[in-house]
Amino acid sequence: MRHEIGLAIGPATFRVGSAWRGPIMQLRALYADYPAVDLDRQVPDFTVRLQPTRPWRRFVRPSIFIAGDHWLAEAAPMALGHGLLAAEMGMNLQMALGWRRHLLLHAASVERDGRAIILTGESGSGKSTLAAQLGERGWRLMGDEFALLDLESGLAHPFPRLVSLKNAAIAVATAGLPPARLGPRLAGTAKGTIRHLVPAPDAIARMREPAMPALLLFPRFGPPLDRRPVDPGEAFVRLTQASTNYIALGEAAFRALAQVVTHVPALALDYPDGEAAIAAIEALWSECP
Amino acid sequence: MADAIYRAEPPEALVRMGLGAIDALYHRRSGATHLVAAPVPQILEALAEGPADAAGLRQRLSARFELADDEAEALAALRDRLTELEALGLVRREPGAAR
């Protein structure tokens, strides 16, 4: 395509091609500290293409259609101003539909002392925001969207893409951070206002370092602070629901997930605000075996 | 009335993991995961000893567990479970056996 960039995030590599220059320039700036992928020498795992819905639409009221190795037929075209979001969505889609080297969990993860907390919940549970906040407070952010579980060892591998912050979470999670770590404010998207955050330097520098899961958390933003243990059966069900490739990976995924839920303590955590959640997580961590 | 005779899947067809209150079963033939609670794992274990109809199975189970006093009730429940397990592909009906 006319404009393109090679990106490496955790173990995955991407070619993002675009009919327009803007989205690629934004990716170049925000992913500047990530390892380079030379597309002339390396075939990436996935290709994402940002293309006009019709050839002439590149110039007239341009709207972007996300294409690539894997794509969803019903994905609606997006405004060119949201090109960065389209690229990020395209990369997420490739991972969700195409990644087979690990059990992919739709989960955030953070690490300390070589051990990881896996946070998973529905959209709106606050896992991205919590992971972003923890990533600035003594934890290594491993990822806000996908945790990649090794099928043999059970290690969680990072996927520290740009953190996607939405609406009220933007101000909360970016307070005090240098503007250079923030992407443009994208207003009027299908999920409201979105702003991307470049993970802290250690998250990027150590993006190939896995960690053993030590705590499974199922956060829920809104209700008063409460925590309750989740038994292995329920944790198993929740994690299969959080995985996009559980069925495709067959018995290996079954065994890996059963191992995780029988060896790693799991808790549901309701929280009214980020500060309460972080204090609760620190307390839980200190009790962790 | 001759009852249907059921046969368990061969042991290598299922991977079973105990997850607290429930068991997770991975069925290799179908690639499906089943989450089952008592009495299903117990029924599958009893049936693994050899093909049986509901009455035979009730006998095996009653040697290990306390079943409902009402025999007809216990048998009806067992038949229901066996029908469900057959639909899931976790047990098979012996060919030729009448219902």
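Predicted model: local features only at pLDDT ≥ 70, side-chain atom pairs only at ≥ 80, totals over all residues.

Student: OK, chain A. How many helices and strands does chain A have?
Tutor: Eight helices and 17 strands in chain A. The C-alpha trace of chain A spans about 60 × 40 × 35 Å along its principal axes.

Student: And how does the radius of gyration of chain A sit with a compact globule?
Tutor: It agrees: a compact globule with 289 residues would come out near 19 Å, and chain A has 19 Å. As for burial, 46% of the 289 residues of chain A count as buried. Looking at contacts in chain A with a separation of 6 or more, 68% are between residues 24 or more positions apart.

Student: Which domains is chain A divided into?
Tutor: Domain 1 covers 3-98 and domain 2 covers 103-287. Their centres, taken over C-alpha atoms, are separated by 24 Å. Domain 1 of chain A puts 17 residues into the contact and domain 2 of chain A puts in 22.

Student: Which helices supply the domain 1 side of chain A that touches domain 2?
Tutor: α1 (22-30) and α2 (83-98) of chain A each supply at least two residues there. α2(A) gives the most, with eight residues. By type, that side of domain 1 of chain A divides into 11 nonpolar, four polar and two charged residues.

Student: Switching to helix α3 of chain A: how many of its nine residues are buried?
Tutor: Nine of the nine, so α3 (residues 127-135) of chain A is largely enclosed by the rest of the structure. The buried residues of α3(A) include A:K127 at one end of the list and A:G135 at the other, with A:L130 and A:Q133 also among them.

Student: Now the other chain. In what order do the elements of chain B run?
Tutor: From the N terminus on, the elements of chain B go β-β-β-β-α-α-α-β. The tally for chain B is three helices and five strands. With 99 residues, chain B has a radius of gyration of 13 Å, close to the 13 Å of the globule rule, so chain B is as compact as a globular protein of that length.

Student: What share of chain B counts as buried?
Tutor: 22% of the 99 residues of chain B. The C-alpha atoms of chain B fill a box of roughly 35 × 35 × 20 Å along the principal axes. Among contacts in chain B between residues at least 6 apart in sequence, 51% join residues at least 24 apart.

Student: Which way do β3 and β4 of chain B pair?
Tutor: β3 (residues 22-27) and β4 (residues 32-36) of chain B pair in the antiparallel sense, over five bridges. B:D23 stands opposite B:V36 in β4(B). β3(B) and β4(B) form a hairpin with four residues between them, and B:G31 in the turn has a positive phi of about 75 degrees.

Student: Where is B:P39, and is its peptide bond from B:A38 cis or trans?
Tutor: B:P39 is in the loop between β4 and α1 (40-47) of chain B. The bond from B:A38 to B:P39 is cis, with omega near 10 degrees. For context, most peptide bonds are trans, and most residues other than glycine have a negative phi.

Student: Speaking of phi, what is the value at A:D113?
Tutor: Near 55 degrees, a positive value in a residue other than glycine. A:D113 is in the loop between β7 (108-112) and β8 (115-119) of chain A, and A:D113 counts as exposed because 9 C-beta neighbours lie inside 10 Å. A:N167 also has a positive phi, near 50 degrees. A:N167 lies in the loop between β12 (163-166) and α4 (168-174) of chain A.

Student: Last one: how many residues are in contact between chain A and chain B?
Tutor: 12 residues of chain A are in contact with 12 residues of chain B. On the chain A side, α6 (232-242) and α7 (246-263) are the elements that give two or more residues. α7(A) brings the largest share, six residues. The chain A side divides into six nonpolar, four polar and two charged residues.

Technical notes: Residues numbered from 1 in each chain as written. Chains lettered and ligands numbered in written order. Rg over C-alpha atoms; globule rule 2.2 N^0.38 Å. Buried ≥ 20, exposed ≤ 12 C-beta atoms within 10 Å, placed from the backbone. Contact = placed C-beta atoms within 7 Å. Pairing = 2+ DSSP bridges. Nonpolar A, V, L, I, M, F, W, Y, C, P; charged D, E, K, R; others polar. Domains from an automatic or database assignment.
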